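Here are my notes on the model you sent over. Have the structure open beside them, and go through the points in order.

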Amino acid sequence: HAEVPESEKAYDVILFGLGRYGTAIAHHLRASGYHLLGVDFNPDEVRKWRTTGHPAVYGDACDPEFIASLPLAQARWVISAMPQHDTGVTHEDPRLMLLNALREQKYAGKIAVSTHDTSQDGMLRAAGAHVIFLPFHDAAERAVTMIRDRG
């Protein structure tokens, strides 16, 4: 079960995946005043987050009991920034397992999921995702906007 830091049991966002993409998302969310709890299957990433003073827990998105132990009631968003190729103990798609566990917990907030495959949009939305991040596509779109806005 999640060893949620006592200092702050209420989080705006629970972020799964503390690699480069998840860390970048967290940086911008914190700058906007969001309180985050990070979750990762890699104990090294969790340790790294904790050493920078940010709350993080080790856990598997594919484990429904772990998901049930998270402070979901106050969280406005659950974000999955997990790489697609990462499989948990069950070797299922951890994003779909997470969406299913959140549905089982009757999680009332919003869910965002990242994917590199545009064809997965419909499947992820059908499974409960409200927002789909396409990291490379989104970054490219933003780059073009920045170029266009500067003439």
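1. Ground rules. This is a predicted model, where local features need pLDDT of at least 70 and side-chain atom pairs count only at pLDDT 80 or more, while totals for chains, interfaces and linings use all residues. Residues are numbered from 1 along each chain as its sequence is written, and side-chain values use heavy atoms, with hydrogens and water left out.

2. The sheet. Six strands form an open sheet with parallel pairing, in the order β3-β2-β1-β4-β5-β6. Strands here are DSSP E runs of at least two residues, helices are H or I runs of at least four, and both are numbered from the N terminus; two strands pair if DSSP finds at least two bridges between them. The edges belong to β3 and β6, each with a single partner strand, so one side of each has no neighbour in the sheet.

3. Strand β1 (residues 13–16). Val-13 and Leu-15 point one way, Ile-14 and Phe-16 the other, and all are buried (under 20% relative accessible area; over 50% is exposed and in between partly exposed, with a 1.4 Å probe and protein chains only). β1 pairs in the parallel sense over 4 bridges with β2 (residues 36–40), and likewise over 4 bridges with β4 (residues 77–80). In β2, Val-13 has Leu-36 as its bridge partner and Phe-16 has Val-39. On the β4 side, Leu-15 stands opposite Ile-79.

4. Helix α2 (residues 43–51). Which residues of α2 are buried? They are Glu-45, Val-46 and Trp-49. These lie on the same side of α2, because they cover an arc of only 100 degrees around the axis, taken from the directions from the helix axis to the C-beta atoms. Their cover includes β1, α1, β2 and β3 (56–58), where contact means heavy atoms within 4.5 Å.

5. The ends of α2. At the start, a side-chain oxygen of Asn-42 comes to within 2.7 Å of the backbone nitrogen of Asp-44. After the helix comes Gly-53, with a positive phi near 85 degrees.

6. A loop to check. Where is Ala-127 found? Look in the loop between α5 (121–126) and β6 (131–133). Ala-127 is buried, at a relative accessible area of 15%. Leaving aside residues up to four places away in sequence, Ala-127 touches Leu-96, Leu-99 and Arg-103. Ala-127 and Leu-96 are 31 residues apart in sequence, yet 6.8 Å apart in space, C-alpha to C-alpha.

Terms used
A polar contact is a pair of N or O atoms within 3.5 Å; within protein, one must be able to donate a hydrogen and the other to accept it, and residues adjacent in sequence count only if both atoms are side-chain atoms.
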